[in-house]
Amino acid sequence: MLGLEGSGETDFGPQIKNLNKQLFTVVAWDPRGYGHSRPPDRDYPGDFFERDAKDAVDLMKVLKFKTVSLLGWSDGGITALIAAAKYPSYIHKMVIWGANAYVTEEDEMIYQGIRDVSKWSEKTKKPLETLYGYDYFSKTCEKWVDGITQFKHRPDGNICRHLLPLVQCPTLIVHGEKDSLVPRFHADFIHKHVRGSRLHLMPEGKHNLHLRFANEFNKLAEDFLQ
């Protein structure tokens with residue numbers, strides 16, 4: 001499950017390539033409007049996370065998986081939390097990182113800071129520009145910022161905080177302590193409200209910790225999901 005605007009291939013290369021295929025069948029999926037799931041163009045109605053969660057579960061059922069475990073990064077982590085809460089008998093285990101259950105004033109300032117993709121680093125921008133073309137990439141980023149900030153106007157900035165107590169599956173929350181997009185308090189909140197969850201901190205990890213520290217992350221995920 002993806003981060004902002006990504007696709008399976010841009011966001012999870014080291015996982016698709018190196019997770020143990022003897023132990024796991026690895027499926028990377030592109031939510032509607034992202035990656036190869038176009039058309040349609042991506043949009044952000046008030047229930048876009050619920051829609052993504054339902055799409056993910058529906059797809060896995062069509063592919064004939066009896067149960068699945070989820071790896072969810074960023075927006076994909078939010079989608080995974082919703083899927084686990086709403087389809088508890090279908091989700092076996094879950095690893096999430098870079099996710100948040102609500103939106104604060106501080107978050108909104110961070111989001112506005114990434115609205116203009118021309119200010120992104122070349123390294124971050126290039127794969128997405130190659131995948132989408134500059135226009136679609138930049139417009140979708142602006143739409144995403146509007147889509148995610150709509151939650152700030154809900155009571156308690158709620159995205160899925162009401163669903164966290166409904167998550168039943170074993171859950172590992174990984175947090176990079178140098179994540180500049182998702183502050184630590186979000187990981188702590190999810191850890192507190194998802195019963196029995198584990199929190200693993202990576203001191204040098206940023207938002208893309210699974211790419212930067214791929215071997216360490218993959219081992220963590222494999223050990224937890226077995």
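Analyst: Helices here are DSSP runs of H or I with at least four residues, strands are runs of E with at least two, and both are numbered from the N terminus. The model is a predicted one.

The background is helix geometry: an α-helix has 3.6 residues a turn, so residues three or four places apart point the same way.

The chain leaves H6 through Gly-133, which follows just after the helix and has a positive phi of about 80 degrees. The packing of H6 with H7 can be described by its geometry. The two helices pack at an angle of about 115 degrees, and their axes are 7 Å apart. H6 and H7 are therefore roughly perpendicular to each other, the range for that term being 65 to 115 degrees. At this contact, Lys-125, Leu-128, Glu-129 and Tyr-132 of H6 meet Tyr-134, Tyr-136 and Phe-137 of H7. Sorted by class, the contact of H6 with H7 comprises 5 nonpolar and 2 charged residues, with no polar ones.

The axes of H3 (residues 48–62) and helix H4 (residues 75–86) come within 8 Å and cross at roughly 70 degrees. That angle makes H3 roughly perpendicular to H4, and their crossing is right-handed. From H3, Phe-48, Phe-49, Glu-50, Asp-52, Ala-53 and Val-57 take part; from H4, they meet Asp-75, Ile-78, Thr-79, Ile-82, Ala-83 and Lys-86. The contact of H3 with H4 divides into 7 nonpolar, 1 polar and 4 charged residues.

H3 also holds Asp-55. Beyond its neighbours within four places in sequence, Asp-55 is in contact with Trp-29 and Arg-32. Asp-55 and Asp-30 lie 25 residues apart in sequence, and their C-alpha atoms are 10.0 Å apart in space.

Most residues other than glycine have a negative phi, and most peptide bonds are trans. Lys-64, in the loop between H3 and strand S1 (68–73), has a positive phi near 75 degrees. Its relative accessibility is 65%, so Lys-64 counts as exposed. Asp-156 lies in the loop between H7 and strand S3 (171–176) and has a positive phi of about 60 degrees, although it is not a glycine. Asp-156 is exposed as well, with a relative accessible area of 60%. In the loop between helix H2 (13–18) and H3, where Pro-39 is placed, the peptide bond from Arg-38 to Pro-39 is cis, with omega near -10 degrees. Pro-40 is found in the loop between H2 and H3, and the peptide bond from Pro-39 to Pro-40 is also cis, with omega near 10 degrees.

Notes: Residues numbered from 1 in each chain as written. Predicted model: local features only at pLDDT ≥ 70, side-chain atom pairs only at ≥ 80, totals over all residues. Heavy atoms only, no water. Contact = heavy atoms within 4.5 Å. Axes fitted to C-alpha atoms, helices over the stretch in contact; angles between N-to-C directions. Parallel < 35°, antiparallel > 145°, perpendicular 65-115°, else oblique. Nonpolar A, V, L, I, M, F, W, Y, C, P; charged D, E, K, R; others polar. Left-handed = near helix turned anticlockwise from the far one by under 90°. Buried < 20%, exposed > 50% of the residue type's maximum accessible area, 1.4 Å probe, protein only.
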